[in-house]
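Let's take a walk through this model together. Please have the sequence and the 3D view at hand.

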Amino acid sequence: MTQEARNNAEVLYELGIDRQQVEESQNILHLVPELTDIFMNPVVSLQKKQSILEKVFSKSGSPKQLIRFLQVMCDHGEMDEIDEIYQAYYEKWDEVHHIKRVCCTFAKEPEAQQLEQIRKFLQTKYEDSRFVFEIRMDPDILGGAVITLGHEEYDWSLEGRIRQLRRVLTER
């Protein structure tokens, strides 16, 4: 992610636009990828791009500050970085609101008590945080769970334990 994308995300955050509204604008751009193509096309006039942005995002209920932000990004030819800007915005939002995104990979559908144990473990490490869980299935881990939070990973899988045991046995 570029520093420019982070700077633009900071500006977007400082405008006070709600995360849900930002997500909706990103969804529009993903649902209609031709829009981004138009906004990056040097043949299309800036006036036409501004008009399209105004019409599309006004109809979706986007706040004026968000529409103006997108227009400025378009004016500066930075719409090709809009996904990076959105990603940096989400990271900033989560940081300010003490939200930790956790990816839990299980061999099979987890039980409620497993998720609660993971939540309690994480709560001891990150006391003032709220957690948003993404659950994935991977039968290759055989059992247990692999928990990923940012750059940290806790491998409590059966496959991981076997790998650790193999390493210990071969080091002797």
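In which hand does α4 pass α5? The crossing of α4 past α5 is right-handed, a label given if the near helix is turned clockwise from the far one by less than a right angle. Before going further, note that this is a predicted model, where local features need pLDDT of at least 70, side-chain atom pairs count only at pLDDT 80 or more, and totals for chains, interfaces and linings use all residues. Residues are numbered from 1 along each chain as its sequence is written, and side-chain values use heavy atoms, leaving out hydrogens and water.

Back to the helix pair. The axes of α4 (residues 46-59) and α5 (residues 64-75) come within 10 Å and cross at roughly 155°; axes are lines fitted to C-alpha atoms, for helices over the stretch in contact, with angles from 0 to 180 degrees between N-to-C directions. The two helices are therefore roughly antiparallel, the term for angles over 145 degrees.

Helices (H or I, at least four residues) and strands (E, at least two) are DSSP runs, numbered from the N terminus. Strand β1 (residues 99-106) runs parallel to β2, joined by 8 bridges, and F106 stands opposite M137 in β2.

Notes: Two strands pair if DSSP finds at least two bridges between them. Angles under 35 degrees count as roughly parallel, over 145 as roughly antiparallel, 65 to 115 as roughly perpendicular and the rest as oblique.
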